[in-house]
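Here is a short briefing on one protein structure. Look at the sequence and the model, then read on.

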Amino acid sequence: MISIPEFALVALVGISGSGKSTFAERHFAGSVLSADHFRYLVAGDENDQTASSDAFDSLYHVADKRLAARRMTVIDATNVQQHARTAVLTAAKKQHALPVAIVLDVDEDICWERTQARPDRSFGRPVLKRQRRDLRRAIRTLAKEGFRRVFVLSSPEEIDAATVTLEP
Ligand code: CTP
Ligand code: MG
C-alpha cells in the first residue's frame, strides 16, 4: 500500500512504457501534470523534445500555483535523470510540500513491446536502454537526494495491485 501525506509533490519515476500515465490517471486523476501534455500545449506535439525546456518551465509554473494552494500534485514524466528530480525537489521545498517518489520498475522488454504497439511513440530501443540505466542509478539515490518517501513497484503485477491512500 502506498500511503502519502495529503500535501505531497509526487514524482512518478519510470522509463517510457512503464505505465506512468496509466497509473497517474488511475490513482491521481485531477492532480496530474504531464510533461507530454505540456509539450503539446507549448508546441502542439507531445513528442517534440525540442519543446521540453519550455514545457517543463510551464509545468513547474503550474505546479507552483497548485502547491501554493496546497493541492497535492503529481509529476508524470520519466524523472529518471537527476536534473529532472532536482526540479521536483526544488518545487516541493519552495512550498513546503513533502517530496515523494513512486518508481514503476518494469522490465525493459515489456516496456519496449508496449512502446512498439503505440502509434504515438517512435523512439528507438537505445533511448529506452539509456533510460533504464538512469533508472537503476535513480533507485539507489532517491532517498539520499531528498525524497522523503520512496515506493518501488517492481512488476506490472505489483503496479496493478497497488493502492494509494492519502493521509489527512
Ligand atoms: N499499458 C499496458 N498495461 C499496463 C499499463 C500500460 O498495456 N498495465 C499500455 C498502455 O495502454 C500504453 C502503454 O502500455 O499503451 C504505455 O503505458 P503508459 O501508461 O502510457 O506509460 P508511460 O510510462 O506513461 O509511457 P511514456 O513515458 O512514454 O509516456
Ligand atoms: Mg506517459
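Which residue's side chain does a polar contact of 2.6 Å join to the side chain of Ser-3? The partner is Glu-167. A polar contact is a pair of N or O atoms within 3.5 Å; within protein, one must be able to donate a hydrogen and the other to accept it, and residues adjacent in sequence count only if both atoms are side-chain atoms.

This is a predicted model, where local features need pLDDT of at least 70, side-chain atom pairs count only at pLDDT 80 or more, and totals for chains, interfaces and linings use all residues. Residues are numbered from 1 along each chain as its sequence is written, chains are lettered from A and ligands numbered from 1 in the order in which they are written, and side-chain values use heavy atoms, without hydrogens and water.

**Around Ser-3**

- Ser-3 sits in strand β1, residues 2–5. Strands (E, at least two residues) and helices (H or I, at least four) are DSSP runs, numbered from the N terminus.
- Leaving out residues up to four places away in sequence, Ser-3 touches Arg-149, Phe-151, Thr-165 and Glu-167. Contact means heavy atoms within 4.5 Å.

**Around ligand 1**

- The residues surrounding ligand 1 include Ile-15, Ser-16, Gly-17, Ser-18, Gly-19, Asp-36, Arg-114 and Arg-118. Each has a heavy atom within 4 Å of the ligand.
- Lys-20 has a side-chain N or O atom 2.7 Å from an oxygen atom of ligand 1.
- For Arg-121, the distance from a side-chain N or O atom to a ligand 1 oxygen is 2.8 Å.
- Ser-21 places a polar side-chain atom 2.9 Å from an oxygen of ligand 1.

**How helices pack**

- Two packed helices are described by the angle between their axes and the distance between the axes.
- Axes are lines fitted to C-alpha atoms, for helices over the stretch in contact, and angles run from 0 to 180 degrees between N-to-C directions.
- Angles under 35 degrees count as roughly parallel, over 145 as roughly antiparallel, 65 to 115 as roughly perpendicular and the rest as oblique.

**α3 with α4**

- Helix α3 (residues 52–68) packs on helix α4 (residues 82–94) at about 30°, with axes 9 Å apart. The two are therefore roughly parallel.
- Tyr-60, Asp-64 and Leu-67 of α3 meet residues of α4, among them Ala-84, Val-88 and Lys-94.
- This contact of α3 with α4 has seven nonpolar, no polar and two charged residues. Ala, Val, Leu, Ile, Met, Phe, Trp, Tyr, Cys and Pro count as nonpolar, Asp, Glu, Lys and Arg as charged, and the others, Gly among them, as polar.

**α5 with α6**

- Helix α5 (residues 108–116) and helix α6 (residues 125–145) pack at about 140°, and their axes are 11 Å apart. So α5 and α6 are oblique to each other.
- Glu-108, Asp-109, Cys-111 and Trp-112 in α5 meet Arg-125, Leu-128, Lys-129 and Arg-132 in α6.
- Here the contact of α5 with α6 holds three nonpolar, no polar and five charged residues.

**α4 with α6**

- The angle between α4 and α6 is about 30°, with 12 Å between their axes. That makes α4 roughly parallel to α6.
- Gln-82, Arg-85 and Leu-89 in α4 meet Ala-138, Thr-141, Leu-142 and Glu-145 in α6.
- By class, the contact of α4 with α6 has three nonpolar, two polar and two charged residues.
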